[in-house]
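Subject: Structure for you to look through

Hello,

Here is the structure we talked about. Please open it first, then read the notes below alongside it.

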Amino acid sequence: MTQAGSEMFKTALDELGAVMRRVDDGRVDAACEMLAGTGKIAVYGCGREALQVKGFAMRLFHLGLPVAVVGDMTAPPLGKGDVFLASSGPGETTTVLALMRVAHDAGAKVLLLTAEPTGSAAKLADFTLLVPAQTMASDQGAAKTSVLPMGSLFEGALFLLFEVMVLKLKALTNATPEAMRARHTNME
């Protein structure tokens, strides 16, 4: 039996709310301070996490922060004083692990968003921001807890987290809505 549409929305929103209530606000503040006080920021995520990370990069740009998406041809090299922000919900994404090592070797700090605080990625990170949501790695059998499919709970939580981080960063950087809008592309 399937739930009615409105009931599905309620269930999904309740699940997202439960995740967000478990995110440590003090660590969110520390992550924002890390980003606001850095030289350059490079961001990376795989799959649908990448979509959320790229959206966050866009907002960081609107805030006036020096940000690039890893893999874009215009991404600069990272070094001392820079931050590599990576998302790996399952904490074992091989591409993320490799890029974390590259960033570390270059002297950059690594800020990781993950659902797995004991995963390989968390062990490599300088700072971990835990997003305690089901990922695609834990969405089958008895481990399945979310109505949302294939890691969508983690991805949805990233969206909400990033929007709150933008609000916090806006205050930290004294960015005005007018300045943010002025940095929005006119090429669409």
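This is a predicted model: local features need pLDDT of at least 70, side-chain atom pairs count only at pLDDT 80 or more; totals for chains, interfaces and linings use all residues.

The residues that line the second largest pocket divide into eleven nonpolar, no polar and no charged.

Residues are numbered from 1 along each chain as its sequence is written, and side-chain values use heavy atoms, with hydrogens and water left out.

The pocket

The second largest pocket has a volume of about 160 Å³. A pocket is an open set of points on a 1 Å grid over the protein atoms alone, where a 1.4 Å probe fits, with protein on both sides within 12 Å along at least five of seven lines; lining residues have an atom within 4 Å of a point. Grid points are joined across faces, edges and corners, and the volume is the space filled by probe spheres set on the points. Among the lining residues are Ala42, Val70, Phe84, Leu99 and Val102. Helix 4 (residues 94-105) gives the largest share of the lining, three residues. Helices (H or I, at least four residues) and strands (E, at least two) are DSSP runs, numbered from the N terminus.

Helix 3

Helix 3 (residues 47-62) has 16 residues and reaches 23 Å from its first C-alpha to its last, close to the 22 Å expected at 1.5 Å a residue. That expected span is 1.5 Å times one less than the number of residues. Its buried residues are Glu49, Ala50, Val53, Phe56, Ala57, Leu60 and His62. Buried means under 20% relative accessible area, exposed over 50%, and partly exposed in between (1.4 Å probe, protein chains only). These buried residues pack against several elements, including helix 2 (25-36), strand 1 (41-45) and helix 6 (152-173).

Histidine 62 has a relative accessible area of 5%. Leaving aside neighbours within four places in sequence, histidine 62 is in contact (heavy atoms within 4.5 Å) with Ala179, Met180, Arg183 and His184. After the helix comes glycine 64, with a positive phi near 90 degrees.

The strands

Alanine 68 lies in strand 2 and is buried at 11% relative accessibility. Not counting residues up to four places away in sequence, alanine 68 touches Ile41, Ala42, Val43, Ala75 and Pro76.

Five of the five residues of strand 3 are buried, so strand 3 is largely enclosed by the rest of the structure. Val83, Leu85 and Ser87 point one way, and Phe84 and Ala86 the other way. Strand 3 pairs with strand 1 in the parallel sense over five bridges; two strands pair if DSSP finds at least two bridges between them. Serine 87 in strand 3 stands opposite glycine 45. Strand 3 is also joined by five bridges to strand 4 (residues 109-114), and the two run parallel. There, phenylalanine 84 has valine 110 as its bridge partner.

A loop residue

Glutamate 116 is in the loop between strand 4 and helix 5 (120-124). Glutamate 116 is partly exposed, with a relative accessible area of 30%. Its contacts, leaving aside neighbours within four places in sequence, are Gly89, Pro90, Gly91, Ala122 and Leu130.

Regards

Key: Ala, Val, Leu, Ile, Met, Phe, Trp, Tyr, Cys and Pro count as nonpolar, Asp, Glu, Lys and Arg as charged, and the others, Gly among them, as polar.
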